[in-house]
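Please read the following report alongside the sequence and the coordinates.

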Amino acid sequence: MDRRAAIGRLLAITGTLAIGADAFLSGCSRATPARQRAFTPADIALMDEIGETILPTTDTPGAKAVGIGQFMASMAIDCYDDASFASLYDGLATVDEACRRDAGTSFMSATPAQRTALLDKLDVEQRAKSRRRTDGEAPHYFRLMKELTLLGYFSSEIGCTQALRYVEAPGAYRGDVPYRKGERAWFNPTRRV
Amino acid sequence: MAAEHFDAIVIGSGITGGLAAKELTERGLRTLVLERGRNVTHGVDYTNATTPPWKIAHRGMASRELVAEYPVLRRARLAYEPNASFWANEHDCPYVETKPFEWLRGYQVGGRSLTWGRHCYRWSDVDFEANAIEGVGVDWPIRYRDIAPWYDHVERFIGVSGSAEGLPQLPDGQFLPPMELNVVEKDVAARIRKRWNDRRLIIGRIANLTQQHNGRGPCQYRDKCWLGCPYGAYYSTQSASLPAAAATGKLTLRPFSIVRELRYDRDRKRVKGVSVLDAETKQEIEYTANVVFLCASTFNSAWILMNSATDVWPDGLGSSSGELGHNVVDHHFRAGASGRVEGYEERYVYGRRPCGFYVPRFRNLGSERRDYVRGFAYQGSASRQEWTRDVAELGIGAALKAELTEPGPWTIGMTGFGETLPYHDNRVTLDRTRKDKWGLPVLAFDCRIRDNERRMRQDMMHDAAEMLEASGVKDVRPTDGSYTFGESIHEMGTARMGNDPTTSVLNAYNQVWDAPNVFVTDGACMASSSCVNPSLTYMALTARAVEFATRQLASRDL
């Protein structure tokens with residue numbers, strides 16, 4: 001077996017990693033969902049904008065450019081257990097309601113600043129909830145949105161080759177090379193969340 | 001029609017079966033290799049070996065479909081869509097967990113040689129003498145001097161990169177140049193060595209080639225070994241032993257061949273051949289041979305013995321000792337420590353090294369006596385955190401994105417692999433009430449770790465934390481990540497070697513006491529587990545047994 005994957009898990013257990021993929025680890029053993037799983041084009045558009053707010057376009061493309069809304073939808077449909085799916089799905093409406101309450105407008109028509117302010121607040125909320133979450137409890141919807149955004153973005157072709165660096169066959173290993181602040185990190189295909 | 005005859009039959013094509021085939025054919029024997037699963041052709045069938053990360057299904061996450069298909073693989077945290085086809089179909093091949101057991105199987109040509117961890121360590125006399133000294137299990141019928149030349153032989157063939165360290169508990173071998181520790185690991189190694197005379201942090205000794213070797217490799221540092229390597233840069237049946245065997249012109253390989261029993265001749269006290277069930281057509285086929293090498297993997301070798309010669313011994317061939325199926329061992333693991341490394345912000349690595357570091361056993365050597373017997377070793381690595389890291393103060397947005405596109409702080413972690421004692425009542429049995437897809441009875445597992453292993457786990461956590469702290473690592477956390485029997489995929493025992501036919505299944509040359517032309521050379525033969533990764537020892541025992549068998553055949557003693 002892959003021992004460094006085991007080490008990665010060891011680190012995950014100790015909480016060193018940000019996104020321990022709670023939703024994936026909760027181990028749904030049935031392939032048949034308890035409820036029909038589907039997202040509307042409006043849901044996907046909303047997830048595109050949520051993703052873009054989490055990882056916006058800067059000197060490199062943002063999450064929307066990698067089709068993050070569709071990615072989040074497919075992953076939630078194919079991989080999530082029922083509780084996590086429900087958390088994410090219902091969370092979309094919650095995000096929109098919170099935006100109307102805070103900014104007086106829907107998330108889709110909110111300004112980037114209004115969106116960022118709201119999602120910053122939700123990120124604080126999900127951190128607090130994650131710290132006191134009990135076994136079997138579904139992860140906070142914004143934690144799931146953030147996990148999927150990071151995974152979908154950094155493992156995409158744009159993420160691997162523009163935001164990060166990736167070579168298929170490095171051809172050598174050097175264990176001590178100089179690094180200057182600002183240089184991009186290597187994408188490591190083996191280390192999975 | 002008369003059954004087709006071969007000089008030798010090898011059952012199984014994994015780490016030991018592949019090597020047995022190579023050794024037998026190179027010694028001139030016409031050899032039939034029977035593999036229960038499909039064929040996997042080198043290169044061609046490594047479907048995802050060069051798939052870019054963005055084209056990997058679900059980006060490596062387990063889908064609900066995959067989890068439903070591979071529940072045990074999921075429990076072992078190994079369910080990975082790109083190489084799922086290298087693991088046995090769990091629904092076709094069920095087993096019974098009397099106690100929780102993770103049985104992780106590779107049912108295809110190459111077996112688990114395609115997915116193995118590739119760490120290669122020699123046993124020493126500390127390991128071979130432990131049973132005798134402590135009065136645990138039975139004494140090993142061999143010592144280091146008996147196997148040392150065969151370690152040489154195997155290492156030269158498979159190619160093991162590593163560093164010579166002169167440690168008596170972890171003998172040096174025929175190494176290719178070692179891979180490199182990274183800058184943080186080097187400094188931690190130096191601080192451990194300064195503080196403890198008897199502890200070392202060394203680079204893993206691994207069957208990945210650091211230079212061209214026997215026409216294979218070298219390693220391209222892609223770190224995708226378990227998808228199959230198109231460069232043949234790690235040892236597998238496909239990359240090395242099967243081509244060598246085929247080159248002799250004496251090899252016949254038959255996939256989809258489930259061996260249901262060894263045909264025992266009670267008058268000659270020999271096995272005359274095997275009965276095979278074609279996994280696809282369900283047709284019954286017989287083959288005969290002068291000698292049979294049982295290399296079907298630990299529990300499947302036990303299964304075949306249990307299903308053989310039942311007219312003579314109801315519990316199967318090799319059961320006359322009362323030990324067949326007993327003394328199951330594994331390495332209990334996932335106890336260790338990890339932490340954060342300060343500094344080194346201006347240092348990084350290039351390439352993806354396919355192994356980590358190794359801390360050889362240091363407990364209970366010499367005169368030390370802990371509150372448990374035997375010992376453990378660590379595997380670990382240091383690395384800079386990636387985009388998966390938490391950056392609490394950044395939340396979301398452009399600043400988070402900028403931060404995550406750069407490497408994060410260094411972390412280091414290690415997990416112990418501990419020796420499990422051979423308890424007689426840790427066992428597998430045949431459950432004849434449950435059947436697999438082919439109507440064959442399945443195995444039931446009844447194994448658990450006990451106080452010796454639990455006490456050892458305390459040290460596995462404590463010692464790792466202590467070494468990291470002494471090396472200046474911050475926020476060190478000792479961790480017991482829980483362990484289920486079988487999970488380390490180092491399962492051994494069920495047909496142990498020994499000096500006495502009344503207490504062991506096999507003799508000093510891996511021959512079944514009750515059928516000397518049957519050699520069991522996979523993990524089933526092990527009389528204890530040591531704490532080092534076992535595959536290299538299986539291979540050395542296999543090569544040694546083949547040499548013995550061919551001498552016996554030549555002198556007509558078999």
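The model is predicted. In it, the contact takes 66 residues from chain A and 66 residues from chain B. On the side of chain B that touches chain A, the elements that give two or more residues include the helices α2 (64–69), α3 (71–75) and α9 (398–404) of chain B, and among them are also the strands β11 (331–341), β12 (347–350), β14 (376–384), β15 (410–419) and β18 (474–480) of chain B. By residue class, this side of chain B divides into 24 nonpolar, 23 polar and 19 charged residues.

Within chain B, 3 strands form an open sheet of mixed pairing in the order β3-β17-β16, whose edge strands, β3 (96–97) and β16 (427–435) of chain B, each pair on one side only. Two of the pairings are set out below.

| Strand pair | Sense | Bridges |
|---|---|---|
| β3(B) and β17(B) | parallel | 2 bridges |

In chain A, helix α7 (residues 141–154) has 14 residues, which at 1.5 Å a residue should span 20 Å, and its end C-alpha atoms are 20 Å apart, in agreement with that value. Because 14 of the 14 residues of α7(A) are buried, this helix is largely enclosed by the rest of the structure.

Notes
Residues numbered from 1 in each chain as written. Chains lettered and ligands numbered in written order. Predicted model: local features only at pLDDT ≥ 70, side-chain atom pairs only at ≥ 80, totals over all residues. Contact = placed C-beta atoms within 7 Å. Helix = DSSP H or I, 4+ residues; strand = E, 2+ residues; numbered from the N terminus. Nonpolar A, V, L, I, M, F, W, Y, C, P; charged D, E, K, R; others polar. Pairing = 2+ DSSP bridges. Expected span 1.5 Å × (residues − 1). Buried ≥ 20, exposed ≤ 12 C-beta atoms within 10 Å, placed from the backbone.
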